[in-house]
Amino acid sequence: MEESINTQFAIKKFDNFKRNWYKFSRSPLSIIGLIMVISVIFIAIFAPYLSPYPESAGNYINFLEASQPPGLSHLFGTDVFGRDILSRIFYGVRVSLSMALMVIVIVVPVGGILGLIAGYYRGTWIENLIMRIVDVFLAIPPLILALAICSVLSPNLFNAMLAVCLMWWPWYTRLVYGNVSSLRGEFFVQAAEISGAGTFHILFREILPNCLSVILTKMTLDIGIVILLGSSLSFVGLGTQPPTPDLGTMIADGAKYLPEQWWIAVFPGIAIMLIVLAFNLLGDGIRDMFVVEGGGA
Amino acid sequence: MQNPLLNTKDLYLQFKVYGGNLKVLNGVDFTVWPGERVGLVGETGCGKTTTMKSILRVLPVSQSKVTKGEIIFKGKDILKMSKTEIQQVRKERISMIFQDPTASLNPVFTIGNQLQDVIKFSKVSKKNNIGNKEIKAQAIAMLKKVSLPDPERMLKSFPIQLSGGMRQRVCIAMALASSNDLMIADEPGTSLDVTIKDQILNLLSELVKNTGISIILISHALGAVRNITDRTYVMYAGYMVEVAKTKELFNNPLHPYTKGLLNAIPRLTGKGKMKGISGYIPGYLDPPTGCRFYPRCQDAKIVCKKKKPPFIKVSEGHEVACWLF
Amino acid sequence: MVNLIIFLKRLLYILLVLLALSILIFAIARVVPGDPARAALGPRTPEKIIQQLREEMHLNEPLHVQYYYWLEGVIRGDFGKSLVTRRSVHEDIKIFFPATIELVLFSMIFITLVGIGLGAVCGLNKNTWIDNLGRLNSYIGVVTPSFVFAIFFMLIFGYILEIVPTAGRISAEVIAPPKITGLITIDALIAGNFLAFWDAIKHLILPAISLGMAGMAQVSRITRSTMADNSERDYIIAERSYGIPEHIIMYRYLLKPSIIPSVSILGLQFGSLLGNAFLVELIFRWPGLSRYGMNAILSKDLNATSAVVLIIGICYAIANMIVDIIVNLLDPRIRLQNERGE
């Protein structure tokens, strides 16, 4: 008996998945996004194996090969130190993606839980406190905050991540707060309360699953934005330090050699665009997946 | 014998959706005479609003298509009119009051703005150039006609500041301003409470008496049309199934669906329980051939499944679309 | 009457937020390891002089007292001396602030006009090639960082096509107008110097557009979808059935409610422009506050950093307030809700 319930449950979940996949796959752009994202992740993981010149990611100097325009031996050319741009881009993708993932992994739970609490305890001092703090953080243009933090601490990848986390969590809190506040008055919440469910249960088993669609969509879109923020920070010199390759840093360095050696700055720029585009398309697809089809009458 | 004001002949319409075509209107025959009050009754989703919208040609062109039939208004086919001609009709001849008065008023403009614009574009033409003062005066007159208090202040108000009943009256005023021949009232007062709804219906009745305009009153409740209309149509799943003088319809319903509807009205006297009609309206993607009521009809015959019944005249002014007759 | 009270309430709220911001900045500044006095004077200065400066800067007193002195100075406009430029920060700000404001202002104009215009055109012509082009444009705008735009534009329009200059605010040959507001374009107009005006505009185009592309993409996206949604609303169908001509419906009854959501994010846009301006200022060598602030941050020039952050915070708050007022004017629903105190 138990077994059949489990299999029924599994079948239902699979059905759900099939239905969601159908909705997702209706838009060709979403599929493209998915493929691009998978490629990006693939590149990030297997960078050492995919790069034609993996040593370019480190302290490599070879003035014989320096400043070569894009050609057969170096598809995207080389920089002033002779390092292969293509390889550096692959490693740079790794850096950007890992930072974005780590930020999301921290910010979403923390911001989300705070929003959950604030929304549930609407009208109490808890909500006021949390939301006022959110307001203060949101009142500051995000990059300024990140810069200020980064400058106080020494510039490296970890601190850049920390800065972005601190800048980003309020958005999730606000998002979840809005969602939870409106769900708060819904009947199923009241029903759970009346039947004696504990707060923990209500928050995590009743309300949270209903917010998941918004959170998931925002998360995917955010990976793109966080990558943009991260590259802005490293463009200014506050992220990873040389010789670790980073897309933002590469552009900053390359900007000095415009317009003659344009390839040093342009290709990393295109790389950033493509990565962020990938996550945007995927995010849009995920959002479309959750749209309930309206019936026409 | 007068000519009918409006006559829909065998109108077929479908909506294009993902997955196929919704065959929403399935041969609608519908007539309105000048100065008449006609009721149109049917369940939600049977095509009442769609028929009306196609009369005014305000359905989205990309998604809807008339596959057969004509809509003759004052001798001309609306479906064949040019853009300017249909615009003329909308400006001066026919207008519609929608179900939800809140959604029918643009929230960011004042009542005055909207009403005066309607008047301006309905009455002002190359021939009679009315100045703004005159337009404002006419607007106030319109508001008075629908019994709205303090018209001056009303002009400066925004829709959000008015109550539901007031908004409905404003919509009626705007419809009055842009129609001289026919007014279509789509479930007026449905979203309002019963006393207000009553007032609105009486108001409409008065207007018809005073101005000689024809009115089509759409409702999903038979009770609403009972006292207000001269003749009533019953619609089901995309076409008319019965038409009669209202009194006659209530006293002597013929079509099984009409009978079912009347039985479903709870009564204060007489024997107890109400009876509903079992089943659901058919889906429009793949509707049943023949009579669309066939799956729910208790008296169905074999021929009902195969062929769609035409209007059969049973007595003077009373016609039924049913093979039982 | 009621509006005034709400306005004051908002003002108070903003002041509170700014106060909190100042405390935050101050806290960060004091958290930094190292001695501000020594940093100001240099490593070779004898200890006694350093102690003197520490007394002057109240560094030996408890934190809240220090904060009080700092805040007092700030209100007077005295942020102290910049480590980098060795001038008073106040002076620096007077020089660099107008440049950034001019850049951001032009960017805002670009975002508002092109964003709303493009969005409206796309929303009205849904699913045509115009719309698809517009959506492509939005996508590109959203995924590309401003400095990448800056580089691309500079390459294409500055070097390859050579239409516009690529650095600075004004060409060396052109005589700058006398400084009244600090915004070269406006000063040039006041002085009647059209050559300078045109030259300044040419210098502004690339940076302003690079900075504003992302915002423009967002605004046009929102305008487009709002317009598309609203075009199917009941009131539009009703207005059509009353016989109101189509062009009046489109340009009046559809446009006004559709631009409200976009306008309400313009305040946020302004803030992010201010914050992101340095990226573009760096590449185009624009002598602006953002670049100055960034240098300050990198050199740990605390006085300058706090000043820049505070000023940007104030601008941001003011911009949001202005946007609030505009939205109130446009949308009666919001205005009336506010009056009722909801």
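## The open sheet of chain B

In this predicted model, eight strands of chain B form an open sheet with mixed pairing, in the order β6-β7-β8-β3-β9-β10-β12-β11. Strands (E, at least two residues) and helices (H or I, at least four residues) are DSSP runs numbered from the N terminus, and two strands pair if DSSP finds at least two bridges between them. From one strand to the next, the twist averages 20°.

Contact means heavy atoms within 4.5 Å; axes are lines fitted to C-alpha atoms, for helices over the stretch in contact, and angles run from 0 to 180 degrees between N-to-C directions.

## The β11–β12 hairpin

Strands β11 (residues 312–315) and β12 (residues 318–320) of chain B run antiparallel and are joined by three bridges. Ser315(B) has His318(B) in β12(B) as its bridge partner. The two strands form a hairpin with two residues between them, and Gly317(B) in the turn has a positive phi of about 80°.

Helix α11 (residues 263–290) of chain A packs against helix α6 (residues 129–143) of chain C at an angle of about 120°, with the axes 8 Å apart. That makes α11(A) oblique to α6(C), the class left after angles under 35 degrees (roughly parallel), over 145 (roughly antiparallel) and 65 to 115 (roughly perpendicular). Residues of α11(A) in the contact include Ile272(A), Met273(A) and Asp284(A), while α6(C) contributes Tyr139(C), Ile140(C), Val142(C) and Val143(C).

## Chain C as a whole

Chain C comprises 14 helices and zero strands. Its C-alpha atoms fill a box of roughly 85 × 55 × 40 Å along the principal axes. Of the 342 residues of chain C, 50% count as buried (under 20% relative accessible area, 1.4 Å probe, protein chains only). Among contacts in chain C between residues at least 6 apart in sequence, 69% join residues at least 24 apart.

## Conventions

Residues are numbered from 1 along each chain as its sequence is written, and chains are lettered from A in the order in which they are written. In this predicted model, local features need pLDDT of at least 70, side-chain atom pairs count only at pLDDT 80 or more, and totals for chains, interfaces and linings use all residues; side-chain values use heavy atoms, with hydrogens and water left out.
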